[in-house]
Amino acid sequence: MNRASQTGFILITGSTGFVGHYLVAELLRRGRRCAVLLRPPLVGSLGRLGALLGELGVDAASAMAEERLVGLEGDLAEGTLPGDRWSIDAVVHAAAVTAFEPDAAGEPYRTNVRGTRHLLDWASSRGIADLHLVSSAYSCGRVDRPVAERFNARPDGFHNAYEDSKHQAERCCLDWGRGGPRRVTLHRPSVVVGEWGTGRATKFGGFYLSARAAEFLDRSFPDRLDPRRMNIPLRLKGRPGECQNIVPVDYVAGMIAAIVTEPARHGRVYHLVHPDPPSNARIKSAFEHYFGIAGGRFVPPEDFDAFDLNEYERRFYEISRPIEHYFLDTPTFLRDQTATVEAQTGIGCPAFDLAAIERLLAYAQSAQWGRRRRPPGMTPGCALYFEAFLPAHVGRSQVARMTALSAVMRFIIEDEPDGEWVCRFDGGRLSTVHRGRNGLPEQFGYRTTREVFWEAVSGRVPPQDLFLSGRAEVFGDVERALKMAMILHAFTREFPCTPAVLAGLGRSSCSST
């Protein structure tokens with residue numbers, strides 16, 4: 001048995017997450033044994049983790065064969081956690097839901113607060129005394145003073161439910177730490193973005209929403225020689241000198257690993273934030289240079305008239321509104337304890353010059369802003385929906401009759417073979433459905449993947465959530481496309497459809513549903 005296997009495991013939650021898989025890779029490189037808590041089915045979750053680690057140059061199969069990496073099946077939110085087979089020395093709790101607004105399932109509180117309590121109860125039952133919580137620098141909420149590296153009293157308010165849930169999670173952990181010889185370490189990253197050197201990322205929310213808004217402006221002028229590209233009438237709510245605290249994911253994971261593996265550093269709060277974050281002006285310059293656009297100007301928040309927006313401003317803020325407060329109300333974070341670890345380890349937070357910001361944009365676009373591709377055959381073909389289910393149900397739809405819409409739209413399902421359809425609606429009636437890369441001109445369209453398509457037609461996910469997260473996009477007449485998306489969502493709520501509905505049905509059975 002090798003030397004690493006003679007010590008207990010570090011349990012990591014959220015190991016398939018953005019920060020989580022970087023952290024597992026870093027701990028394995030440091031010779032630590034990792035137990036990863038994964039949702040069932042375990043085989044599938046281990047496969048996803050293995051693929052992520054492989055992209056970072058870590059051979060998960062070898063690590064599992066040598067028992068340096070083990071998978072444990074469980075669900076934090078449900079409180080179903082593993083038994084006592086493995087010896088756990090410490091827990092790194094990196095699992096979290098980052099949604100800003102509460103949903104019907106109770107997120108983000110369900111995972112971030114209730115899930116944390118389940119984990120703490122489990123740790124208590126096993127006698128584990130060393131806990132690391134990956135929290136957020138923004139758990140401080142709304143403050144008008146520098147934020148110290150200590151637990152913050154509950155502020156007057158929060159910008160969103162995510163901040164509130166992380167503050168509550170911190171309180172749960174600190175209360176737990178008062179029981180017996182326990183140590184709680186809080187790791188508080190700011191806005192985490194891709195690797196500094198490559199831009200690689202697996203999550204494209206936060207900072208990337210403003211990048212997607214800039215991309216929309218780029219796509220509004222398909223002709224690269226169009227002079228309007230360099231004179232876009234766009235007011236930007238904010239001040240050019242204020243800064244956005246973004247940090248690279250590899251820096252965050254490296255710092256957490258350095259703290260976790262050195263007991264003398266435990267029991268403190270660390271602000272894993274940038275010591276010299278890029279200004280709004282620098283980010284704007286990088287966006288403009290990368291996308292080949294110009295014309296935006298900053299307007300102080302108190303002078304910004306949100307009720308008088310032109311078409312470019314309206315669409316820009318529809319995309320970037322969820323993160324608007326990060327451009328207007330970014331606290332100053334003190335980081336003395338973090339700086340001490342940096343000095344001891346030689347880990348530094350690299351500067352975000354224009355080239356580094358452009359690397360983030362280039363990778364995000366190459367990854368299609370996180371839209372995942374799946375091999376064909378994993379779900380029933382989308383053709384059955386467009387060519388049977390949709391025609392059969394539009395004629396029965398009250399939504400279609402009430403809107404009486406006339407439009408021609410194209411749907412592109414990127415990982416579906418021959419996955420394009422043009423649908424023509426006349427007065428609320430579906431008059432034509434054509435499949436394939438046909439020459440029919442559309443007025444607007446939608447592009448996404450199978451996975452997201454089925455989420456949409458099930459009626460469970462509002463289309464704006466898919467557009468804001470980058471999992472689906474619109475093209476052509478964007479304003480009409482967005483209006484139509486809301487009508488289509490109402491239709492899917494009226495007649496929801498899932499792969500299970502279509503899995504055993506042929507065309508005739510679909511038509512008689």
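**Figure 1. Strand β12, seen from both of its faces.** Buried, in these legends, means under 20% relative accessible area. By that cut-off, in this predicted model, seven of the seven residues of β12 are buried, so the strand is largely enclosed by the rest of the structure. Side chains in a regular strand alternate between the two faces of the sheet. Here, one side of β12 carries Ala407, Met409, Phe411 and Ile413, the other carries Val408, Arg410 and Ile412, and all of them are buried.

**Figure 2. The open sheet around β12.** Which strands make up this sheet, and in what order? Five strands follow one another as β14-β13-β12-β15-β16, and their pairing is mixed. At the edges are β14 (429–435) and β16 (473–476), each of which pairs on one side only. On average, and with direction ignored, neighbouring strands are turned by 20 degrees against each other.

**Figure 3. The two partners of β12.** On one flank, β12 (residues 407–413) runs parallel to β15 (residues 444–448), and five bridges join them. On the other, β12 and β13 (residues 420–426) run antiparallel and are joined by six bridges. Take Arg410 as a handy landmark: this residue stands opposite Gly445 in β15 and opposite Val422 in β13. Met409, in turn, has Phe444 of β15 opposite. The hairpin of β12 and β13 has six residues between the strands, and Asp418 takes a positive phi near 50 degrees there.

Figure 4. Nonpolar side chains tend to be buried together in soluble globular proteins. The largest nonpolar core of this model has 124 residues, and Phe207, Tyr385, Met409 and Tyr446 touch the most other members. Helix α7 (residues 249–260) gives the most to this core, with ten residues. Another core lies apart from it and has 28 residues, including Leu11, Phe151, Cys173 and Leu186.

Figure 5. Is α15 mostly covered or mostly open? Seven of the eight residues of this helix (450–457) are buried, so "mostly covered" is the fitting description. The buried residues are Arg450, Glu451, Val452, Phe453, Trp454, Glu455 and Val457. Just after the helix comes Gly459, with a positive phi of about 80 degrees.

**Figure 6. The second largest pocket.** This pocket has a volume of about 590 Å³. Of its 23 lining residues, Phe216, Ser220, Arg315, Gly476 and Val478 lie nearest the centre. Four elements, α6 (207–219), α9 (311–320), β16 and α17 (478–494), each supply at least two residues of the lining. Which element gives the most? That is α9, with six residues. Sorted by class, the lining has eleven charged, ten nonpolar and two polar residues.

**Figure 7. Two cis peptide bonds.** Pro41 sits in the loop between β2 (34–38) and α2 (42–55). Another joins Glu107 and Pro108, with omega about 5 degrees; Pro108 belongs to the loop between β4 (88–93) and α4 (109–126).

Figure 8. Glu67 is not a glycine, yet its phi is positive, about 55 degrees. This residue is in the loop between α3 (60–65) and β3 (69–73) and, at 31% relative accessibility, counts as partly exposed. Ala404, also not a glycine, has a positive phi of about 50 degrees. The loop between α14 (398–403) and β12 holds Ala404, which counts as partly exposed at 39% relative accessibility.

Key: Residues are numbered from 1 along each chain as its sequence is written. This is a predicted model: local features need pLDDT of at least 70, side-chain atom pairs count only at pLDDT 80 or more; totals for chains, interfaces and linings use all residues. Side-chain values use heavy atoms; hydrogens and water are left out. Two strands pair if DSSP finds at least two bridges between them. Axes are lines fitted to C-alpha atoms, for helices over the stretch in contact, and angles run from 0 to 180 degrees between N-to-C directions. On a 1 Å grid over the protein atoms alone, a cavity is a set of points where a 1.4 Å probe fits but cannot get out, and a pocket is an open set with protein on both sides within 12 Å along at least five of seven lines; lining residues have an atom within 4 Å of a point. Grid points are joined across faces, edges and corners, and a volume is the space filled by probe spheres set on the points. Ala, Val, Leu, Ile, Met, Phe, Trp, Tyr, Cys and Pro count as nonpolar, Asp, Glu, Lys and Arg as charged, and the others, Gly among them, as polar. Buried means under 20% relative accessible area, exposed over 50%, partly exposed in between (1.4 Å probe, protein chains only). A nonpolar core is a set of buried Ala, Val, Leu, Ile, Met, Phe, Trp, Tyr and Cys residues joined through side-chain atoms within 4.5 Å.
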